[in-house]
Amino acid sequence: MSSQEKVLTSKDLRTGMRARVAGVEEGQELCPRLLELGLLPGTEFRVTKVAPLGCPVEIDVRGYRLCLRKSETGCLKLVSLEDQEEIAG
Amino acid sequence: MVETSAKKRVALVGNPNAGKTSLFNALTGLHQKTGNYPGVTVEKSEGECQLTFQKVDVVDVPGLYSLTPVSTDEEVATSVLLDEGADLVVYVLDGSNIERNLFLFSQLADHDLNVVVALTMTDILMRSGGDFDIARLSTLLGVEVVPVIPHKGIGIPELKEAMERAIEDPHTLELDVGFPKVVMDAADRLADHMNRRGIALGLREARCVLLDEHCTTADRFRDLPEHIAAIEEERKAVLGASGQGRTLDAQARYAWAERVRKESILPPQNKKRSKSEIADAFLTHRVFGLLFFLGLMYLVFQSIYTFAAPLMDLIEAGKTALANWVSPMLESTPMVQSLVVDGVIEGVGSVFVFLPQIVILFFFIAVLEGTGYLARAAFLMDKLLGWCGLNGRAFIPLLSSFACAIPGVMAARVMPDQRSRLLTVLVAPLMSCSARLPVYLLLIGAIIEPKYGPAWAGFALFAMHFVGLIVAIPIVFILNRKISKGRRLPFMLELPKYQWPKWRDVFLTLTSRSKVFLQTAGTIIFAMSVLIWALLTFPQAKPGTYQKEYEALSVERQSQISEDEFAELRQREDSALGRFGRTIEPVFAPAGFDWRITTAILAAFPAREVVVPAMGILFGTGADVDEGSPKMVQSMQKATWPDGRPLMTVWSSISLMVFFALCCQCMATLAAVKRETNSWKWAAFSFGYMTTLAYIFSVVINQIGLAVSK
Ligand SMILES: Nc1nc2c(ncn2[C@@H]2O[C@H](COP(=O)(O)OP(=O)(O)OP(=O)(O)O)[C@@H](O)[C@H]2O)c(=O)[nH]1
Ligand SMILES: [Mg+2]
């Protein structure tokens, strides 16, 4: 997809945003579980919800819903796909 | 040696919340707990299932995301699968989330297992406009696939037939996930290299060694430096400098899973937001989410208070009728009459009365667990709990502890790190379990409601359930600093789709829970009632012993209490239990408890429900009981200190309720803490800290009360 991509940090995650995993740091502690849950280089996901206090976030990945703390996505390199505000409104 | 006659063993394996336990129940006819959130099952459980030609043992295990366990419940499951072994694995595959569910399936193929697939949740898939192709799926997976809807019994006979076929004619699962050619070539070379040197290494094992340094096969080479070089060389050839073997492994598996999904499943067609999403937009909303949670809890306790009243009256009436019916028959032997009427019927009956409320509480908890709301609550609470050092996932065991702390303590197994797990185990008993409910209801009904009315009474019940939760927060905060730091693992929680609770499952939970409650009433409460009655009746004073004492009382006091009542009261005080209680009384007097309450509290240490019959028997019955409210309530309202001050004020009853909210009066919970932490030290610690807290809080509350009401 040739949509405008920009590098994201987990802090930038907002409801409705679409993002893609561009790379992973396998050596980091939490990474193996994220891999097993299907967050791999190239995987796209959508942020479906952000908890009341800003963390954790809920994402729609591979057709299921997963909650993650923002701090736990540290081993994922994320890029944003164009914002699709389909959930808001 | 293979024993052919032995019963075959079937393991139910799959992702968390895939429907394993539902299927287990359908196959065995047992009633293990199910619920719509990941991590319901934390232990293995076994049952028997009758196939056409044989009986087999079925084992249900906790859910797994992969064969590399990170928490205790996952270790239980992998050890059943890989160490204990099974003649057949029924892989429970969630049809509404097939891609991720296939990841674990692909790992099974590395372990020479005989597999049949049970495809669940197809009703959910169909309802949202999706569809599936069983024949295609079966071809792609290389095993039989049977669609089932366990709680409705759909597909169960077909699954049993498939199980029987697979047991009679076992095949090992073979799967070509399609690892990249470079990987397979390197694995080939490595296997060859080892085999030529007399070390047996299969292709699959070689692949595992290449892609994952933590692979169990890799351990074999740890002490063989001459081979490590060969392994490293091939590893470099495959992975390059990055060395990201596990990523490569997962990518290959997920690519395969995606292909299988695309070829066999038609995804949901409804592009509109599902009902689940709409509900969630509200239930986990920034503002409404938390308000809804509090509102819901308030509703629960208010309704426990109001809905149960008529039922309670009915049981109360039954108890009185029974006493009135039995009493005349035993007229000739007053001692037996007193034992049966004042001891057994009063004691056991006083607890029985609270069955309706407990059933209502369990109903609400079962509904919360069945809908999937519990996982949302954990999502909402993670940040709050995170501040005091607990994982948001702890909220699930903690909420379950409102029913009973024992499953709550066990559910802490899902916590991904040992420290969070220990913290959760230690504070779960602080949550207000259903056994505390009768105490609250008794005191609120006797003291708070007559004064402030039913609306406040309901609120008081609601508030009492938060005492433990609120006290738990600073406790965790403090413990968190004291307990040595362990590995910290993530929150990572899957949110299942909302479902209607399975009413049959809810009903079964209620009946089994009621049975446990009645069993306690019939055994421990019965025994304690008889014991308390006996210790309170003996030694018997001769008639007329207390006449002089009564005459010496002030006129004012005499107007409050008749001579008979006074004699009965004094007789109790001079009984074995009375003397004992009065010795201890000074310890609890600052909390506003006299010797009777003190004795009741002490009697309740094995199981806190005992306090209700204990108080019933200890407070006894005045001669002039009005009709209407239970005699026990009336005698509590009338009870006084020796100087005539009322014993049960609003403050002292709050003090007593808080004592029960915080105190650890449950042997079974302590045993569970011991089992789960593997040390008596932590059980003793739980007991110590909770009892100390309870004492301090109740003294403070009562002293405030005394100061305020001066
Ligand atoms: N609609 C529908 N619901 C199902 C089906 N199978 C299971 N469920 C529900 O899904 C939820 C999870 O079922 P469980 O049997 O507890 O799942 P489990 O795999 O044992 O879960 P864990 O013990 O947490 O690993 C429960 O609410 C079940 O009622 C199905 O085929 N269709
Ligand atoms: Mg289960």
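Figure 1. Arg62(A) counts as buried because its relative accessibility is 19%, where buried means under 20% relative accessible area, exposed over 50% and partly exposed in between (1.4 Å probe, protein chains only). Although not a glycine, Arg62(A) has a positive phi of about 50°. Arg62(A) is found in the loop between β4 and β5 (64–68) of chain A; here helices (H or I, at least four residues) and strands (E, at least two) are DSSP runs, numbered from the N terminus. The model is predicted, with local features requiring pLDDT of at least 70 and side-chain atom pairs counting only at pLDDT 80 or more, whereas totals for chains, interfaces and linings use all residues. Residues are numbered from 1 along each chain as its sequence is written, chains are lettered from A and ligands numbered from 1 in the order in which they are written, and side-chain values use heavy atoms, with hydrogens and water left out.

**Figure 2. The cis peptide bond of chain A and its setting.** The peptide bond from Cys55(A) to Pro56(A) is cis, with omega near -5°. Pro56(A) lies in the loop that joins β3 (44–50) to β4 (57–61) of chain A. Chain A comprises 1 helix and 6 strands, in the sequence order β-β-α-β-β-β-β. Of its 89 residues, 63% count as buried. Among contacts in chain A (heavy atoms within 4.5 Å) with a separation of 6 or more, 61% link residues 24 or more positions apart. Chain A exposes about 3600 Å², of which carbon and sulfur atoms supply 49%; accessible areas come from the Shrake-Rupley method with a 1.4 Å probe, and for residues only the protein chains shown count as cover.

**Figure 3. The shell around ligand 1 in chain B.** Of the 26 residues around ligand 1, those that come nearest are Lys20(B), Thr21(B), Ser22(B), Thr41(B) and Asp123(B); a residue is near the ligand if one of its heavy atoms lies within 4 Å of it. The shell divides into 10 nonpolar, 13 polar and 3 charged residues, with Ala, Val, Leu, Ile, Met, Phe, Trp, Tyr, Cys and Pro counted as nonpolar, Asp, Glu, Lys and Arg as charged, and the others, Gly among them, as polar. Helices α1 (20–28) and α4 (122–127) of chain B each supply at least two shell residues, and α1(B) gives the most, with 3.

**Figure 4. Backbone atoms of chain B beside ligand 1.** A backbone N or O atom of Gly19(B) lies 2.9 Å from an oxygen atom of ligand 1. For a polar backbone atom of Ala18(B), the distance to a ligand oxygen is 3.1 Å, and for a backbone N or O atom of Gly63(B) it is 3.4 Å. The protein covers 99% of the 650 Å² of accessible area that ligand 1 has on its own.

**Figure 5. The largest nonpolar core.** This core has 137 residues, and those with the most contacts inside it include Leu430(B), Ile444(B) and Ile597(B); a nonpolar core is a set of buried Ala, Val, Leu, Ile, Met, Phe, Trp, Tyr and Cys residues joined through side-chain atoms within 4.5 Å. Helix α21 (residues 454–482) of chain B contributes the largest share, 13 residues. Not counting residues up to four places away in sequence, Ile597(B) touches Gly592(B), Met615(B), Phe619(B), Leu647(B), Met648(B) and Leu656(B). A second, separate core of 54 residues includes Val13(B), Leu190(B), Leu211(B) and Ala252(B).

**Figure 6. Asn678(B), an exposed loop residue.** Asn678(B) is exposed, with a relative accessible area of 66%. Its place is in the loop between α31 (667–677) and α32 (680–708) of chain B. Asn678(B) has a positive phi of about 65° although it is not a glycine.

Notes. Polar contact = N/O pair within 3.5 Å; in protein donor to acceptor, adjacent residues only side chain to side chain.
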